[in-house]
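Open the model in your viewer and keep the selection tool ready. We will go stop by stop.

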Amino acid sequence: MPQLGLLHGRAWAVLFGQLRRPPGAVCIRAVHSHSQGTRDLSPQQMVVREKILDMVVSCFKRHGAKGLDTPAFELKETLTEKYGEDSGLIYDLKDQGGELLSLRYDLTVPFARYLAMNKVKKMKRYHVGKVWRRESPTIAQGRYREFCQCDFDIAGQFDPMIPDAECLKIMCEILSGLQLGDFLIKVNDRRILDGIFAVCGVPESKFHAICSSVDKLDKMSWKDVRHEMVAKKGLAAEIADRIGDYVQCHGGVSLVKQMFQDPRLSQNKQALEGLGDLKLLFEYLTLFGIAEKISFDLSLARGLDYYTGVIYEAVLLQTPAHAEEEPLNVGSVAAGGRYDGLVGMFDPKGHNVPCVGLSIGVERIFSIVEQRMKTFGEKIRTTETQVFVATPQKNFLQERLKLIAELWDAGIKAELMYKNNPKLLTQLHYCENMGIPLVVIIGEQELKEGVIKLRSVASREEVAITRENLVAEIQKRLSES
């Protein structure tokens, strides 16, 4: 045992602090908030979120998709060089002497890695999961550092534009079903953009940099984007002006035909391939009855490096569905495109699997729905309880427990109060506050007569039901409501 005189000054301080601390005391640092760019979801918010997700996933399943899940983190090398300028937003995990890992940035790259790793050549899948990005959060616009994505993708070699058209149809079905207001889906093709850059004289080494500038046209004016191209990225002013003549154009299939006749663009093979696919795409969209929701927009760039063909992005034209609502700027609410070269990056032999997909912006949609609920003061049930088991008398806990077990075993959603002798009025008030439609009441009189009282919370009407018929009567009433 060491002599006390040999302890250093710091050790004395630690020992003295421990002696002064009361027995059993634990030092807890006060936590006042969660980390920046994240949020907690209340039970009311969870109900709304689950309804949105249920609608989205049911649409994916209606189109024949299978569910898939991948790890929340990947090898760092899996994610690097896939996201262009946004690669700096990837969350790297601390190196603890093992593999270098990063939190997933999206669900697309892990899907491509899964296809290559498992040698899957054909798959239609959906995936709902959280992703993480180190960007400046704008909570009012539904932008977070941790957020949920809902993806649908079709992998495999198919005839041109049929899977792409189905992806756009799915976007229309989901946005129409959520009743967010009028929307427009902008469509372009990366081959057309690259063709524009080539015919305008952009050096090939600057394609990605200029593409990321064009991608900002939904947030910045052409004047500011042009300034960025020239002043920050070293592009000649006359080349930027030629690009501006193209990227400020938008329209329907007529614009596609017009671009076919363009003297410069019609000389570029890549651009012609892209225009040919868009022409075919519009034919299929017309057959699906959604062509009026689609705009060929030459400013659409989608900054991610892995896109190789058709790209698209849905924006709300008028967020409020009702005149009383405040407008809410949330940017795009869904986006996607074709990425035919991504799987090959993970295959040892470089074998590619063509893919096309879409992602629904759940957080932004949730912001709109949440604001709408606040505006109209909508009340939300946070539980799905159908029946409450109550008693007007003391010492009836055992009978209540037996009765609620019967209801649970019959698949009925039921609750009771966790007290031996609760007051009846308290129990009935709880049902009204929680929106529980039915109450079953058991007391001395009911026990003697072999019946249970079934009470409607809304009308306050009560009827006596025999114990053996109770479950059937409850199920009948629930099916009619």
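Select residues 11–16. Here pLDDT stays under 50, and the model has three contacts beyond four places in sequence for this stretch. This is a predicted model. Where pLDDT is low, the predicted coordinates should not be read in detail.

Now colour the whole protein by pLDDT. The average is 89, and 89% of the residues score at least 70. Next, select residues 1–7. Their pLDDT is below 50, with three contacts in the model beyond near neighbours in sequence.

## A pair of helices

Select helix α6, residues 190–200, together with helix α11, residues 269–287. Their axes come within 7 Å and cross at roughly 145°. The crossing of α6 and α11 is left-handed.

Which residues make the contact? On α6, show Arg-191, Ile-192, Asp-194 and Gly-195. On α11, show Gln-270, Ala-271, Glu-273, Gly-274, Leu-275, Asp-277 and Leu-278. By class, this contact has four nonpolar, three polar and four charged residues.

Most residues other than glycine have a negative phi. The next two stops have positive values.

Go to Met-161, in the loop between β5 (146–155) and α5 (162–177). Its phi is positive, about 70°, although Met-161 is not a glycine. Is Met-161 buried or exposed? It is buried, because its relative accessible area is 3%, under the 20% cut-off.

Finish at Arg-460, in the loop between β15 (451–456) and β16 (462–466). Arg-460 has a positive phi near 65°. Arg-460 counts as exposed because its relative accessible area is 52%, over the 50% cut-off.

Definitions and conventions. Residues are numbered from 1 along each chain as its sequence is written. This is a predicted model: local features need pLDDT of at least 70, side-chain atom pairs count only at pLDDT 80 or more; totals for chains, interfaces and linings use all residues. Side-chain values use heavy atoms; hydrogens and water are left out. Axes are lines fitted to C-alpha atoms, for helices over the stretch in contact, and angles run from 0 to 180 degrees between N-to-C directions. Helices (H or I, at least four residues) and strands (E, at least two) are DSSP runs, numbered from the N terminus. A crossing is left-handed if the near helix is turned anticlockwise from the far one by less than a right angle, and right-handed if clockwise. Contact means heavy atoms within 4.5 Å. Ala, Val, Leu, Ile, Met, Phe, Trp, Tyr, Cys and Pro count as nonpolar, Asp, Glu, Lys and Arg as charged, and the others, Gly among them, as polar. pLDDT is the predictor's confidence in each residue, from 0 to 100. Buried means under 20% relative accessible area, exposed over 50%, partly exposed in between (1.4 Å probe, protein chains only).
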